[in-house]
Amino acid sequence: MALKPKSQLQYERNFCDLISSQGYHAERVASSGRRQNSVCDAVCFTLTAVYLTEVKATHAKKYAYKDTKDLIVTAEKVNVKALLAVYFKSTHSS
């Protein structure tokens, strides 16, 4: 990634740039995490697949995402897939 992420917003932007370079269209959800009914940080799609995506960053070597219920339930309700994208800060030099 070209930019050194400084905030969660930057991780989300970097994810959208990365996934776009892989042939997906990606849109970051405005105010994700700030609204009570927001279930994802980005929506990524091609002609054949749609993903509601939650972007997380951690210094830990492992990550267990505990708040998946709303993301998974919403994805299943609208017949799309849920995706968790994790940036492991501990594997990158600071």
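Which residues make up the largest nonpolar core? In this predicted model, that core has 12 residues in all, namely Tyr 11, Phe 15, Cys 16, Ile 19, Ala 26, Ala 42, Cys 44, Ala 49, Tyr 51, Val 55, Ala 85 and Tyr 87. A nonpolar core is here a set of buried Ala, Val, Leu, Ile, Met, Phe, Trp, Tyr and Cys residues joined through side-chain atoms within 4.5 Å. Two or more residues of this core are given by each of helix 1, strand 2 (42–45), strand 3 (50–58) and strand 4 (81–88). Helix 1 provides the largest share, four residues. Helices (H or I, at least four residues) and strands (E, at least two) are DSSP runs, numbered from the N terminus. Buried denotes under 20% relative accessible area, exposed over 50%, and partly exposed in between (1.4 Å probe, protein chains only).

Because the model is predicted, local features need pLDDT of at least 70 and side-chain atom pairs count only at pLDDT 80 or more, while totals for chains, interfaces and linings use all residues. Residues are numbered from 1 along each chain as its sequence is written, and side-chain values use heavy atoms, with hydrogens and water left out.

The four strands form an open sheet in the order 1-2-3-4, with mixed pairing; two strands pair if DSSP finds at least two bridges between them. Strand 1 and strand 4 stand at the edges with a single partner strand each, so one side of each is left without a neighbour in the sheet. From one strand to the next, the twist averages 25°. Helix 2 (residues 69–77) packs on the sheet, where helix 2 touches strand 3 and strand 4, and its direction makes about 145° with that of strand 4. For such angles, axes are lines fitted to C-alpha atoms, for helices over the stretch in contact, and angles run from 0 to 180 degrees between N-to-C directions.

Strand 2 pairs with strand 1 in the antiparallel sense over four bridges. Within this pairing, Glu 27 stands opposite Val 43, and Arg 28 stands opposite Ala 42. Strand 2 and strand 3 are likewise antiparallel, over four bridges, and Cys 44 stands opposite Tyr 51 of strand 3. A hairpin of four residues joins strand 2 to strand 3. The covered face of strand 2 holds Ala 42 and Cys 44, whereas Val 43 and Phe 45 lie on the uncovered one.

Helix 1 has 14 residues, which at 1.5 Å a residue should span 20 Å; its end C-alpha atoms are 20 Å apart, in agreement. The expected span is 1.5 Å times one less than the number of residues. The buried residues of helix 1 are Gln 10, Tyr 11, Glu 12, Asn 14, Phe 15, Cys 16 and Ile 19. An α-helix has 3.6 residues a turn, so residues three or four places apart point the same way. The cover over the buried residues of helix 1 includes strand 1, strand 2, strand 3 and strand 4, contact being defined by heavy atoms within 4.5 Å.

Helix 1 is followed by Gly 23, whose phi is positive, near 100°. Gly 23 lies in the loop between helix 1 (8–21) and strand 1 (25–28) and is exposed, with a relative accessible area of 56%. The C-alpha atoms of Gly 23 and Phe 45 are 8.9 Å apart, although 22 residues separate them in sequence.

Arg 28 belongs to strand 1 and is partly exposed, with a relative accessible area of 30%. Not counting residues up to four places away in sequence, Arg 28 touches Leu 9, Glu 12, Arg 13, Cys 16, Asp 41 and Ala 42. The side chains of Arg 28 and Glu 12 make a polar contact of 2.8 Å. A polar contact is a pair of N or O atoms within 3.5 Å; within protein, one must be able to donate a hydrogen and the other to accept it, and residues adjacent in sequence count only if both atoms are side-chain atoms.

In strand 3 lies Glu 54, which is buried, with a relative accessible area of 8%. A polar contact of 3.2 Å joins its side chain to that of Lys 56.
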